[in-house]
Amino acid sequence: MRMPGEPPSLGEEPTANGCDQGKDFHLPPGTDGEIPMGSERMEMRKRQMSVAQETPSSTQAQHGIGNRASNACCFCWCCCCSCSCLTVRNQDEERARRTSHELRAESIPNCEESPTPTLEEVNAWAQSFDKLMITPAGRNAFREFLRTEFSEENMLFWMACEELKQESNKSVIEEKARLIYEDYISILSPKEVSLDSRVREVINRNMLEPSQHTFDDAQLQIYTLMHRDSYPRFMNSAIYKDLLQSLSEKSIKA
């Protein structure tokens, strides 16, 4: 009990009629006792906020892991796909190189197969360049001479054009035309033949759609060059004279 007029002590609160009743009073935070409801709500709100902050970060971490995993899968897939594409492309390029090599090897032999020419045939070579070029034996002898003059590419180009004219398969025609261009027309080739600018322009236009007659103008120009320039020297060469003498001696002995 307290005396009248004395303020209520800690733990007591006044009644409406002025009488004091012994009633527990909640202690403020920081002292022994329970936490008021307002503070409890604040604490709960703080915990919710902290949980909410942690949840996005953990979600972002999980997303990051998922993205890394996804990226890793994409990287692995892309690598595998690239490897497969590279393998296929390398196989195609190797097949194309093998085809080109085979066409080059098979197109023009070092020497055409032909029987030994007769004395009459060799004498006919002196009559005209056409009669020389029409027989395999004549082309072999003339080609041997051109080799001594370092101009064999003229005969090789002419023979390659002749072979191209015999083809009917479109893909083979295109491949052989490309090889002829690379070997005898390109300025980068060591076997480039001598052609004027007009003929080169015609060839470049024809190469857009190669055919059996892509190099007709160039073939005629090289044929004319061999006729006017190389053929007279061949008729006076040791190669022709020795062959003619050998055949004459054999015919006399027979």
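Q: Why are helices H5 and H6 called roughly antiparallel to each other?
A: In this predicted model, the axes of H5 and H6 cross at roughly 170 degrees. An angle over 145 degrees counts as roughly antiparallel, and H5 and H6 are therefore roughly antiparallel to each other. Their axes come within 11 Å.

Q: Which residues make the contact of H5 and H6?
A: H5 contributes Glu-153, Leu-156, Phe-157, Ala-160, Cys-161, Glu-163 and Leu-164. From H6 come Ile-173, Lys-176, Ala-177, Ile-180, Tyr-184 and Ile-185.

Q: How do you know whether H7 is roughly parallel or roughly antiparallel to H8?
A: The axes of H7 and H8 cross at roughly 150 degrees, and they come within 8 Å. The cut-off for roughly antiparallel is over 145 degrees, so H7 is roughly antiparallel to H8. On the H7 side the contact is made by Arg-198, Val-199, Val-202 and Ile-203, and on the H8 side by Asp-217, Ala-218 and Gln-221.

Q: Which residues have the most contacts inside the largest nonpolar core?
A: They are Phe-142, Phe-157, Phe-215 and Met-226, in a core of 38 residues. The helices that give two or more residues to this core are H2 (119–125), H3 (129–133), H4, H5, H6 (170–185), H7 (197–206), H8 and H9 (238–253). H5 supplies the largest share, 8 residues.

Q: What does Phe-157 touch, not counting residues up to four places away in sequence?
A: Phe-157 touches Ile-180, Tyr-184, Ile-185, Val-193, Phe-215, Ala-218, Gln-219 and Ile-222.

Q: Why is the pair of Phe-142 and Phe-145 called stacked?
A: The structure holds 11 aromatic pairs. For Phe-142 and Phe-145, the ring centres are 6.4 Å apart and the planes stand at 20 degrees. Rings pair if their centres lie within 6.5 Å, and planes under 30 degrees apart count as stacked. Both values meet their cut-offs, so the pair is stacked.

Q: What separates Phe-142 and Phe-145 along helix H4?
A: The two residues are 3 residues apart in H4 (residues 136–148), which puts about one helical turn between them. Both Phe-142 and Phe-145 are buried. They also belong to a cluster linked by ring pairs, together with Trp-125, Phe-129, Trp-158, Tyr-223, Tyr-231, Phe-234 and Tyr-240.

Q: What makes the meeting of Glu-149 and Arg-233 a salt bridge?
A: Their side chains meet at 2.8 Å, N to O. The cut-off is 4 Å between a side-chain nitrogen of Lys or Arg and a carboxyl oxygen of Asp or Glu, so the pair counts as a salt bridge. The structure holds 11 salt bridges.

Q: Why does the pair of Glu-149 and Arg-233 tie together parts that are 84 residues apart in sequence?
A: Glu-149 is in the loop between H4 and helix H5 (152–165), whereas Arg-233 is in helix H8 (residues 216–235), so the pair ties together parts at that separation.

Q: How do you know whether Glu-149 and Arg-233 count as buried, exposed or partly exposed?
A: Glu-149 has 28% relative accessibility, and Arg-233 has a relative accessible area of 35%. Buried means under 20% and exposed over 50%, so Glu-149 counts as partly exposed, and so does Arg-233.

Q: What separates Asp-229 and Arg-233 in helix H8?
A: Asp-229 and Arg-233 are 4 residues apart, with about one helical turn between them. Their side chains meet in a salt bridge of 3.1 Å, N to O. At 36% relative accessibility, Asp-229 is partly exposed.

Q: Is Lys-176 buried or exposed?
A: Its relative accessible area is 13%. The cut-off for buried is under 20%, so Lys-176 is buried. The side chain of Lys-176 meets that of Glu-167 in a salt bridge of 2.9 Å, N to O. Glu-167, at 21% relative accessibility, counts as partly exposed.

Q: Why is Glu-152 called buried?
A: Glu-152 has a relative accessible area of 17%, which is under the 20% cut-off, so it is buried. Not counting residues up to four places away in sequence, Glu-152 touches Arg-143, Leu-146 and Arg-147.

Q: Is Phe-150 buried or exposed?
A: Phe-150 has 72% relative accessibility, and exposed means over 50%, so Phe-150 counts as exposed. Phe-150 is found in the loop between H4 and H5. Its phi is positive, about 60 degrees, although Phe-150 is not a glycine.

Conventions. Residues are numbered from 1 along each chain as its sequence is written. This is a predicted model: local features need pLDDT of at least 70, side-chain atom pairs count only at pLDDT 80 or more; totals for chains, interfaces and linings use all residues. Side-chain values use heavy atoms; hydrogens and water are left out. Rings of Phe, Tyr and Trp (its six-membered ring) pair if their centres lie within 6.5 Å; planes under 30 degrees apart count as stacked, over 60 as edge-to-face and the rest as tilted. Buried means under 20% relative accessible area, exposed over 50%, partly exposed in between (1.4 Å probe, protein chains only). A nonpolar core is a set of buried Ala, Val, Leu, Ile, Met, Phe, Trp, Tyr and Cys residues joined through side-chain atoms within 4.5 Å. Contact means heavy atoms within 4.5 Å. Axes are lines fitted to C-alpha atoms, for helices over the stretch in contact, and angles run from 0 to 180 degrees between N-to-C directions. Angles under 35 degrees count as roughly parallel, over 145 as roughly antiparallel, 65 to 115 as roughly perpendicular and the rest as oblique.
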